[in-house]
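Welcome! Open the model in your viewer, and let's walk through it together, one selection at a time.

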Amino acid sequence: DANDIDATAIQCWESIQKNYGINACTVMSMMSEKLMPSACEVDIAGTASMYALTLAAGAPSALVDWNNNYNNERDKCLYFHCGNWAKSLVGEIELISAEVLGATLGAENTWGAIQGRTPPGPLTYARIDTDDRRGVIHTYVGEGRFTDDPLSPVSGSHAVVEVPDLQRLMRYICKNGFAHHCAMSQSSVA
């Protein structure tokens with residue numbers, strides 16, 4: 001508040017855990033819940049993507065990994081991150097040690113990840129990125145939906161999403177060099 005910060009990109013691997021014995025996820029979740037998007041892995045383009053969705057929806061957004069396909073359903077996949085999603089994007093919340101970071105840094109140093117799943121509803125996803133070879137900024141944006149499909153236990157923040165023609169979108173993302181992160185919002189604001 002003192003610095004009038006609108007959004008942050010935090011270096012969430014090692015430093016905070018080694019120096020303070022906590023995980024950054026809880027603080028990042030609280031900031032995003034207050035409409036000050038906070039992206040992990042110092043993903044500045046991800047923060048810009050989250051901020052755009054937050055402004056468009058007037059609601060929190062989150063940084064996600066486009067993850068594994070869901071079963072054999074070509075238009076569904078898993079959204080996942082260690083646990084920094086705003087609490088309003090997650091149903092039943094539990095604070096846990098971040099499994100991915102804990103494997104390297106010790107569970108005792110990584111407590112504070114948000115464990116939970118986004119309930120069914122609308123989805124808008126977006127990514128702003130840079131193409132350094134061409135010196136341009138490029139983007140993609142679209143809509144889908146969060147589903148209530150069964151899901152084996154997953155650590156961290158997660159969701160099953162359905163996006164029309166997802167395989168074509170994945171080819172586009174890979175072919176055009178976009179990062180594996182995107183921003184998401186439980187809204188319809190593409």
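A salt bridge here is a side-chain nitrogen of Lys or Arg within 4 Å of a carboxyl oxygen of Asp or Glu. This is a predicted model, where local features need pLDDT of at least 70 and side-chain atom pairs count only at pLDDT 80 or more, while totals for chains, interfaces and linings use all residues. Residues are numbered from 1 along each chain as its sequence is written, and side-chain values use heavy atoms, leaving out hydrogens and water.

Next, select Asp43, Arg127 and Asp129, which a network of salt bridges links. Between Asp43 and Arg127, the closest N and O atoms are 2.8 Å apart. Asp43 sits in the loop between β2 and α3, and Arg127 in strand β7, 84 residues apart. Are these two buried or exposed? Both Asp43 and Arg127 are buried (under 20% relative accessible area; exposed is over 50%, partly exposed in between, with a 1.4 Å probe and protein chains only).

Now move to Lys76 and Asp149, another salt bridge at 2.8 Å between the closest N and O atoms. Lys76 is in strand β4 and Asp149 in the loop between β8 and β9, so the pair ties together parts 73 residues apart in sequence. Both Lys76 and Asp149 are buried.

Last stop: Arg134 and Asp131, whose side chains form a salt bridge of 3.2 Å, N to O. Arg134 is exposed at 59% relative accessible area, whereas Asp131 is buried at 16%.

Note on methods: Helices (H or I, at least four residues) and strands (E, at least two) are DSSP runs, numbered from the N terminus.
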